[in-house]
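Thanks for coming. I have one structure to go through today, and I will take the fold before the details. Please have a look at the model first.

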Amino acid sequence: MRTERASDGGQAERRDLKVIVGAAIIRDGRVLACARSAPPEVAGMWEFPGGKVEPGEAETDALIRECAEELAVRVEIGARVGRNVRMAHGRSVLKVYAARLLGGDQPQALEHEALRWLAADELDSVTWLPADAPIVAALRPLLTPTA
């Protein structure tokens with residue numbers, strides 16, 4: 001993703017934004033939340049699993065890779081959830097996608113302190129990372145129990 005900003009001379013200067021992708025993994029009307037274990041300033045705060053998109057990698061491919069690395073699960077990626085969220089002093093943007101587990105896979109906390117499945121009325125029971133918090137409101141309508 002590229003952005004432009006005006007430099008002192010009034011000319012637009014271009015710079016690349018790093019794209020971070022997150023997965024709102026939904027199962028039975030609940031979303032998977034992951035507690036960070038590091039770095040210390042965010043340890044214990046909650047996030048959607050995911051990570052950086054590598055050069056030349058599609059966002060959805062990055063998310064599939066990150067879920068396998070962080071949770072040992074296979075996922076199918078769905079539609080975007082919420083808006084782009086600027087982060088890291090404007091150098092990165094977070095994009096969250098809905099996802100579902102494949103083949104009965106069960107998430108494992110390989111890189112996180114803890115995992116929790118949260119229903120819509122439980123989303124405010126954890127402290128979300130600042131970048132993930134704006135996604136929570138957009139996520140609520142997607143969390144309806146299945147019959």
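**Fold, pairing and pocket**

Along the sequence, the protein follows the pattern β-β-β-β-β-β-α-β-β-β-α. That gives two helices and nine strands, where helices (H or I, at least four residues) and strands (E, at least two) are DSSP runs, numbered from the N terminus.

A word on the source. This is a predicted model, in which local features need pLDDT of at least 70 and side-chain atom pairs count only at pLDDT 80 or more, while totals for chains, interfaces and linings use all residues. Residues are numbered from 1 along each chain as its sequence is written, and side-chain values use heavy atoms, with hydrogens and water left out.

I will start with burial. Of the 147 residues in the protein, 41% are buried; buried means under 20% relative accessible area, exposed over 50%, and partly exposed in between, with a 1.4 Å probe and protein chains only.

Now strand S3, residues 18-27. Seven of its 10 residues are buried, so S3 is largely enclosed by the rest of the structure. For pairing, the criterion is that DSSP finds at least two bridges between two strands. Which way do S3 and S8 run? They run parallel, joined by eight bridges. S3 also pairs with S6 in the antiparallel sense, over three bridges.

S3 and S4 form a hairpin with two residues between them. Asp-28 is exposed, with a relative accessible area of 54%.

The other hairpin to mention is made by S7 and S8, with four residues between them. Strand S7 covers residues 75-87 and strand S8 residues 92-101; the two run antiparallel and are joined by eight bridges. Val-81 has Val-96 as its bridge partner in S8. In the turn, Ala-88 has a positive phi of about 50°.

On to helix H1. Seen down the axis of H1, the buried residues fall within an arc of 135°, so they line one face of the helix. The arc is that of the directions from the helix axis to the C-beta atoms. Among those buried residues are Ala-62, Leu-63, Glu-66 and Cys-67.

Ile-64 is also found in H1, but Ile-64 is partly exposed, with a relative accessible area of 36%. The C-alpha atoms of Ile-64 and Ala-23 are separated by 8.8 Å, at 41 residues apart along the chain.

Two backbone details remain. Ala-72, in the loop between H1 and S7, has a positive phi of about 60° although it is not a glycine. A cis peptide bond joins Ala-38 and Pro-39, with omega about -10°. Pro-39 lies in the loop between S4 and strand S5 (46-47).

Last, the largest pocket, with a volume of about 680 Å³. Of the 29 residues that line it, the closest to its centre are Ile-20, Arg-36, Glu-47, Met-87 and Leu-129. On a 1 Å grid over the protein atoms alone, a pocket is an open set of points where a 1.4 Å probe fits, with protein on both sides within 12 Å along at least five of seven lines, and lining residues have an atom within 4 Å of a point. Grid points are joined across faces, edges and corners, and the volume is the space filled by probe spheres set on the points.

Which strand gives the most to the lining of the largest pocket? S3 does, with four residues. The lining divides into 12 nonpolar, six polar and 11 charged residues; Ala, Val, Leu, Ile, Met, Phe, Trp, Tyr, Cys and Pro count as nonpolar, Asp, Glu, Lys and Arg as charged, and the others, Gly among them, as polar.
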